[in-house]
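Good morning, and thank you for making time for this item. Please look at the sequence and the model on the screen while I go through the sheet, the pockets and a few individual residues.

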Amino acid sequence: IGKGMNPPQKTLFPPEKICMDWRQKRRPGAGLYNLGSTCYLNVILQCLTYTPPLANYLLSRQHSRFCHQQGFCMMCIMEAHVRKVLYSSASAIRPRAVIRDLKFIGQFKPDIPGDAYEFLRCTLSAMQRACLSGSNELDISSQGTTVIHQIFQGILRSRVTCLSCQTVSDFYMAFLDVLLKIKGASSLTTALDDFVKPKQMDGKKCFKCSECKKKVPASKRVTIHHEPRVLTVCLGRADARTSRKISQVVEYPEFLDLRPYMSDTAGEPLLYSLYAVVVHSGHTCLEGHFFCYTKASNGQWYKMNDVSVDSCGIHTVLGQQAYLLFYAR
């Protein structure tokens with residue numbers, strides 16, 4: 001999204017129709033069979049199933065009623081999947097449709113272990129493509145008005161300051177998740193503090209200043225300019241240098257105030273509450289197992305480990321070596 005943030009020419013889904021609270025309260029749904037090495041996709045399907053605004057929309061069948069997509073449609077697949085999980089009397093179901101169409105979602109194969117974060121990004125991207133199907137000519141701001149982007153998208157502001165003349169340039173970028181560096185961070189809030197800290201830009205003279213008319217040293221500060229309804233955070237556990245797994249404990253709260261990390265830090269607190277956590281167990285990033293904790297519509301937390309769904313308390317949820325955190329406004 002470019003400078004100045006142009007307003008959308010067309011709104012694809014009215015934001016006032018997004019309902020952040022569960023429309024119906026019920027016990028948790030079914031577990032998911034592991035069909036090879038598919039724990040990475042099971043955890044993401046479960047976290048998305050328990051994302052209240054998304055589940056409300058999918059359960060209303062608004063998409064499939066008007067969908068003209070021939071062949072693969074990720075929204076139709078998710079709609080059927082969420083209904084099946086939440087309404088099933090079985091204790092576990094097989095996510096067959098997702099497995100069948102894996103190659104359309106991303107570079108995944110059922111018998112090869114995958115990464116949950118990558119699967120989340122590819123799934124949201126496939127759902128976004130399904131929402132845009134048939135509206136190819138839309139401007140970029142209008143593409144941000146699908147139900148998927150209205151739920152998950154926020155805007156980052158990157159403020160670059162020329163260190164010669166102090167001229168400030170702002171750039172804006174849409175995001176669906178925030179990837180945080182955790183090396184040396186003991187908690188989510190310290191990792192977020194580091195995320196918004198001004199940083200000297202790489203390279204001595206890498207930024208072309210509009211005032212100085214030449215490349216200059218500069219500092220850059222990234223802040224959240226527009227908060228998403230659902231905030232997804234990935235705690236980067238792969239060490240960039242060695243690609244070993246960073247196993248340190250990073251504490252995360254049940255309730256998070258996003259206000260200190262906004263472009264505008266004045267004003268009311270922006271409170272989010274945790275509703276899902278993905279955990280990776282294993283010594284390296286390329287092997288091991290994924291399981292998750294989700295908060296069902298009855299307000300109770302459950303550990304979801306492939307076919308098993310077991311009730312647990314918030315203390316258990318907050319004591320994990322988390323990989324992905326899902327917060328809702």
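Let me begin with a definition: two strands are said to pair if DSSP finds at least two bridges between them. What you see is a predicted model, in which local features need pLDDT of at least 70 and side-chain atom pairs count only at pLDDT 80 or more, while totals for chains, interfaces and linings use all residues. Residues are numbered from 1 along each chain as its sequence is written, and side-chain values use heavy atoms, with hydrogens and water left out.

With that settled, I turn to the open sheet. It consists of four strands in the order β4-β3-β9-β6, and their pairing is antiparallel. The edges are taken by β4 and β6, each of which has a single partner strand, so one side of each lacks a neighbour in the sheet. The antiparallel strands β6 and β9 are joined by two bridges, and lysine 199 stands opposite lysine 220 in β9.

Another antiparallel pair is made by strand β14 (residues 301–305) and strand β15 (residues 308–312), which five bridges join. Here tyrosine 302 has serine 311, in β15, as its bridge partner. These two strands form a hairpin with two residues between them, where aspartate 306 takes a positive phi near 50°.

Next, the open spaces. Rolling a probe the size of a water molecule over the atoms shows where empty space is left. A pocket here is an open set of points, on a 1 Å grid over the protein atoms alone, where a 1.4 Å probe fits and which has protein on both sides within 12 Å along at least five of seven lines; its lining residues have an atom within 4 Å of a point. Grid points are joined across faces, edges and corners, and the volume is the space filled by probe spheres set on the points.

The largest pocket holds about 1,200 Å³ of space. It is lined by 49 residues, and closest to its centre are Tyr117, Val178, Leu179, Leu180 and Lys181. Elements that give two or more residues to this lining include α7 (116–132), β3 (154–162), β4 (168–175) and β9 (218–226). By class, the lining has 28 nonpolar, five polar and 16 charged residues. For this count, Ala, Val, Leu, Ile, Met, Phe, Trp, Tyr, Cys and Pro are nonpolar, Asp, Glu, Lys and Arg are charged, and the others, Gly among them, are polar.

The second largest pocket has about 460 Å³ of space. Of its 18 lining residues, Leu12, Tyr57, His63, Phe66 and Cys131 lie nearest the centre. Two or more residues of that lining come from each of α3 (62–66) and α7. Nine of the lining residues are nonpolar, seven polar and two charged.

I now come to single residues.

Aspartate 21, by contrast, is exposed at 56% relative accessibility, and is placed in the segment before β1 (31–32). Not counting residues up to four places away in sequence, aspartate 21 is in contact, meaning heavy atoms within 4.5 Å, with Pro52 and Asn56.

Asparagine 56 belongs to helix α2 (residues 52–59) and is buried at 6% relative accessibility. Its side chain reaches the backbone oxygen of aspartate 21 at 2.9 Å. In α2, eight of the eight residues are buried, so the helix is largely enclosed by the rest of the structure. After α2 comes arginine 61, with a positive phi near 60°. Helix α1 (residues 39–49) is also mostly covered, with 11 of its 11 residues buried.

Technical notes
Buried means under 20% relative accessible area, exposed over 50%, partly exposed in between (1.4 Å probe, protein chains only). A polar contact is a pair of N or O atoms within 3.5 Å; within protein, one must be able to donate a hydrogen and the other to accept it, and residues adjacent in sequence count only if both atoms are side-chain atoms.
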